[in-house]
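Please keep the model open while you read.

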2 protein chains.
Amino acid sequence: MTNEPLERYFFNPQGIAVIGASSDPTKLSYGVVRNLITHGYRGLIYPVNPKGGEIQGLPVYRSIAEVPDPVELAVIMVRAEAVAEALRACGERGLKAVIVISGGFREVGPEGAALEAALKDIAAQYGIRLIGPNCVGVMDAHLPLDTTFITMMPEPGHIAFVSHSGAICGGSIDWARSVGVGYSRIASLGNQVDVDIADGIRMMKDDPNTHVISVYAEGLPDGRRFVEAAASVYRTKPIVMLKAGLTAAGVQAVASHTGALAGNNDAYRAACHRAGVVMVHSLQEQNDVAMALATQPLPHGNRVALLTNAGGPAALAADALDRQGLVMAPISAATQERLKAVTPPGTQLGNPIDMLGGPRPEMYSAAGKILLEDPNVDMLMMLFVPQAITPVNEVVQSMVATRVGATKPLVACLVGGESLNEAIYTLNRGGVPYYRDPNRAARALGGLWEYRWLRERPDLTPTPITDVDRATVQALLDAAWAQGGAGFLDADTAARVVGAYKVPVPFSGLAATADEAVALAKKAGYPVVLKRIAADVIHKADVGGLALDLRDANAVRAAFGRVTDGGRTCAMVQRMIPAGHEVILGAKRDAQFGPQLMFGMGGLYVEILRDVAFRLAPISAEDARGMVAETAAGRILEGVRGAPPADISAVVDIVQRVGQLVSDFPRIAEMDINPLIVGQTGSGAWAVDVRIRIDGGLGIGD
Amino acid sequence: MTNEPLERYFFNPQGIAVIGASSDPTKLSYGVVRNLITHGYRGLIYPVNPKGGEIQGLPVYRSIAEVPDPVELAVIMVRAEAVAEALRACGERGLKAVIVISGGFREVGPEGAALEAALKDIAAQYGIRLIGPNCVGVMDAHLPLDTTFITMMPEPGHIAFVSHSGAICGGSIDWARSVGVGYSRIASLGNQVDVDIADGIRMMKDDPNTHVISVYAEGLPDGRRFVEAAASVYRTKPIVMLKAGLTAAGVQAVASHTGALAGNNDAYRAACHRAGVVMVHSLQEQNDVAMALATQPLPHGNRVALLTNAGGPAALAADALDRQGLVMAPISAATQERLKAVTPPGTQLGNPIDMLGGPRPEMYSAAGKILLEDPNVDMLMMLFVPQAITPVNEVVQSMVATRVGATKPLVACLVGGESLNEAIYTLNRGGVPYYRDPNRAARALGGLWEYRWLRERPDLTPTPITDVDRATVQALLDAAWAQGGAGFLDADTAARVVGAYKVPVPFSGLAATADEAVALAKKAGYPVVLKRIAADVIHKADVGGLALDLRDANAVRAAFGRVTDGGRTCAMVQRMIPAGHEVILGAKRDAQFGPQLMFGMGGLYVEILRDVAFRLAPISAEDARGMVAETAAGRILEGVRGAPPADISAVVDIVQRVGQLVSDFPRIAEMDINPLIVGQTGSGAWAVDVRIRIDGGLGIGD
């Protein structure tokens, strides 16, 4: 399906029917017709109500069937029980785009959920793309178009907003108007029975007025769909993503709000990494970052110049820049010389460039332009604290003048309150994003740099790993499923599964008797280890079912009895791997985002150190390498205190193979290799202990 | 010195002289006289200027000597070069409190620093307490009193603000006025030649109008003085602390701003822990937290109820509460039943309590009061997104009504912009702190809980450890200093130093020959370890100068040659300690905050894992125990996966002894015990490798 129907019918329809339009000005449906008219929609508007008559000067049609061409979008605002019939009528009328504003569906309980399911069926039956139910509709501030009942329209601007919540759309418009920030488009998606966050992102990709896509999501039921959509858009337009339900409390709150499953935070972060989105954690941070992305060119580097009239805020800004991974630009001697000519006597010409208490307003643009011309400066933050002697509004005009012709990003931070209300508006309208706090301005610049980095990063699309033996794994899993159903594979089977994907596993075999163990040990070559084999013993070392470094037949015999609890279980005999670094490689299937990989510090303390990185599977070599490098385990593998580097390439290869394995076999619910023992460069890595849990492959808990 | 002169003369003087008062309205000194008059100071005001005449209706005195009684405070605003003379004249006139607003001192370079040093001397000579130079002075919004030239006066309120930076005072007043927040007192301290942050904090302690003390600091040159002041105040009044210069970039920015040494972040954090302050990292966060502490009672627990008209912001709030260590209050069935009667049909009665789109305004106070009566609820956050159908100002009045008679804290979060300007003001004036973003409201509640925890925590004052042999350490350090000056002690001396403080060290001795080594090994008992002894070899394992687990004389002989590089150095022979957990315990002297302790994961990877906690030394047992528990190393010592717990009490004892040692001997610049090997409970811990660096005891680099 192309985006064409989504974009054209929802954001530029030839005519709009409002089903359930009311002539009662206290009704929300009256507000929709009012907004379509007063907010400037230039197409045809058709109120539909069985009572007929006239609403706000427009003739009312008694049914959608009676509405003449052209009509390309319907907005349904009838009570929940009547929506299905109205939707069906739209289908019969040939409409392909419908917005259901009415609430009373999944969010109110099982009965509502049943009504909602019916809408989904009807939409599918008629090939209707449906936004809602339980939403406020869409806006395009440039066209203009407003299908909502929100009393205010945003100013035209360059931020597109895709929101699960309609209330947050209203609050955002209110905020934006008060600070001179504009939107390009707004889409409130509500319960997302059809058009979801993924569609919302795609709808904004080709809109020429949209420079940045802000997304507020609660659940992401089809997580992979979101990842694919975002990944296909983010190199064209930045996506700034806020998601509720990232903590246990938030998950619960989201569930009680819309019945959405909020999901797992680690999986969400892995998804955002693949999706190429800039993650934010509050509405304020989202707006702060989006304002900069909407108006500023991208920086070529991370060096920031601070131009200020007060030292304190600049010092706070310097701290905040450091936390964003940005650095203070070194100001060249030549630039300092030029600055001296346009700044007050006594100005500190290093960075921060502190013009002390009383610069004249025009000094901001004069010094700002000089700083932007310095090749060592990638971004500029202008700070100002109103003081008795300097007129705020002239300072602000000077800051806006700095913007003219600039090819590098700049932002403004003015610390104050009521004296700044006009200044904030002027700055934002003038293309210089305004922030009240140095930390927020620093975060905005950090967001620019982060997006620039994302856009330039190598393609993360994985190349399938094909030199694997799928048939063997299929057979092993089928046999295990047939025999025991859901649960853990025995250690031998687990080793054979990963072995079939060319993950190196030490030679091993199962012994039921001490004699068999000795024979296997001879075959494997000494030293060997013995491990108890029993499906319910997950952490072998904890219960004594493990014997290491057995160097001859006597040692094997002596250990066999202990490991197998006097012969009650079998023992796995395994070639002992020489010392190396112990890391953990895990994988599990997330209900929303599918298979995930985890890498980190292995050994007994994995739960305590929590030194782990997560990624979606399958995974490219580049991405796997980044995943390893992100952890302390990875830095240790690189070689610490003169230790030789470990075989990271072997680890990357194994990460990719495990990623392919869990992607190929949805029946694998989770698995881990703990430890994966990594030798020096060139000597490989070994999956010493493999644990695999299978289920029906359908999701959590089946 | 008591606080009396500080408080009385600076905040309630009987008469104020303004030295350098001008009749030119464009001069800042004109503004000071104007503010004293128009902002309502009721005492006598004496402009001083050699020209004489009249300023703003007041007779001008030609010198401070001519000013009649009562005069208790002088504000000096003459050029930098003339300040010393003016200050001396104040001293001659018998003044004990002076504010120097003039700039041009340390902040402009060496010449200014010399002028500043002279002020310090003169103040000391006359017993003058001096605020400034390079500041804006003080305000008391209740008295009222305003010695600044800032055009605005804050509304009377309950936040005291102590600020290094005058510009930030101005910006804060501007902000506060626009949102209906008031201040009790403001003190801008500038270069702090005499009255410093510590004095500033003490000045606010007994002010009945002050409920919370906000501090903005750049440097804290005498860190221990700050710690003592804050520690003596925080159980009476909360202190919310913001410091610039916590990163490398910030340190540089502060240095170029005021020439202050910003210091080390770890030491600062350790100091804040001891000082009992609530740390914040931005002006916004500082204001957000202070607003709540200024107006709300303290919570008895960390359980929060969310009352909302929109699910999205409540879900974001739930996430943010979790990040603050707060939890969602479980709403009892009885409370839910009561809520049902006062909320719209369909309201979700769990937590969040979501009244959906259109609650009537009075429902906020009705439901809010019921929630506050639930014993499971410790705090309340009321969220509201303006919607077409609900009048904002009535909602706000309802929220304010909830406050009346409440004994638990509550805050409001309204998401929006221009439609809220009046609401913000009404809420804050009505004692319900307003936040635009759910994260900020959650941080404010988190700040209340954090302060409540600080106020109730046990006393951290350490009891001196006295069963130590100071004389031996003194002798060892004196001998080492006499022999080699600054540098590392040899390993044997280092072991004897800690041994004298009863830190357990394994038996050891120094051997120059293999025969001596064998003799010592016999005395120590096998197995032993050999270590190369050479002052310049810090990390012994890196260079091969270490042999472990030598079980007999032959092994000792064989290892001796290798360890000593063929006899070129000595070897330390040491009893080998049985296996245990390896942790690191370090100490160093910080230039601002004095001796510091560090504890964390030991071994080779200490730099990579950065699992360390810091505290000031000396340290109480309680505080040492908390320090250990804060780290992953400490959690491992508690026993992981069925491992027996390690001897944490022994570790705590050693932490205290090392803390006492570095406090007793300023000559110890830094030291570490790495590893400290910790056995099972009851079996103790051993300082296996001790490294001590000494210097002249005066500070960094001497």
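Predicted model: local features only at pLDDT ≥ 70, side-chain atom pairs only at ≥ 80, totals over all residues.

Residues are numbered from 1 along each chain as its sequence is written, and chains are lettered from A and ligands numbered from 1 in the order in which they are written.

**Strand 29 of chain B**
- Strand 29 of chain B covers residues 668-678. Helices (H or I, at least four residues) and strands (E, at least two) are DSSP runs, numbered from the N terminus.
- Of its 11 residues, 10 are buried. Buried means that 20 or more other C-beta atoms lie within 10 Å of the residue's own, with C-beta atoms placed from the backbone.

**Its strand partners**
- Strand 26 (residues 581-590) of chain B pairs antiparallel with strand 29 of chain B over 7 bridges. Pairing requires at least two DSSP bridges between two strands. B:His581 has B:Val678 as its bridge partner.
- Strand 31 (residues 690-694) of chain B runs antiparallel to strand 29 of chain B, joined by 5 bridges. Here B:Glu670 is bridged to B:Arg693.
- Strand 30 (residues 685-687) of chain B is antiparallel to strand 29 of chain B, with 3 bridges. B:Ile677 partners B:Trp686.

**The hairpin turn**
- Strands 29 and 30 of chain B form a hairpin with 6 residues between them. In the turn, B:Gly682 has a positive phi of about 90°.

**Helix 10 of chain B**
- Helix 10 of chain B spans residues 283-295. In this helix, 13 of 13 residues are buried.

Conventions
Buried ≥ 20, exposed ≤ 12 C-beta atoms within 10 Å, placed from the backbone. Expected span 1.5 Å × (residues − 1).
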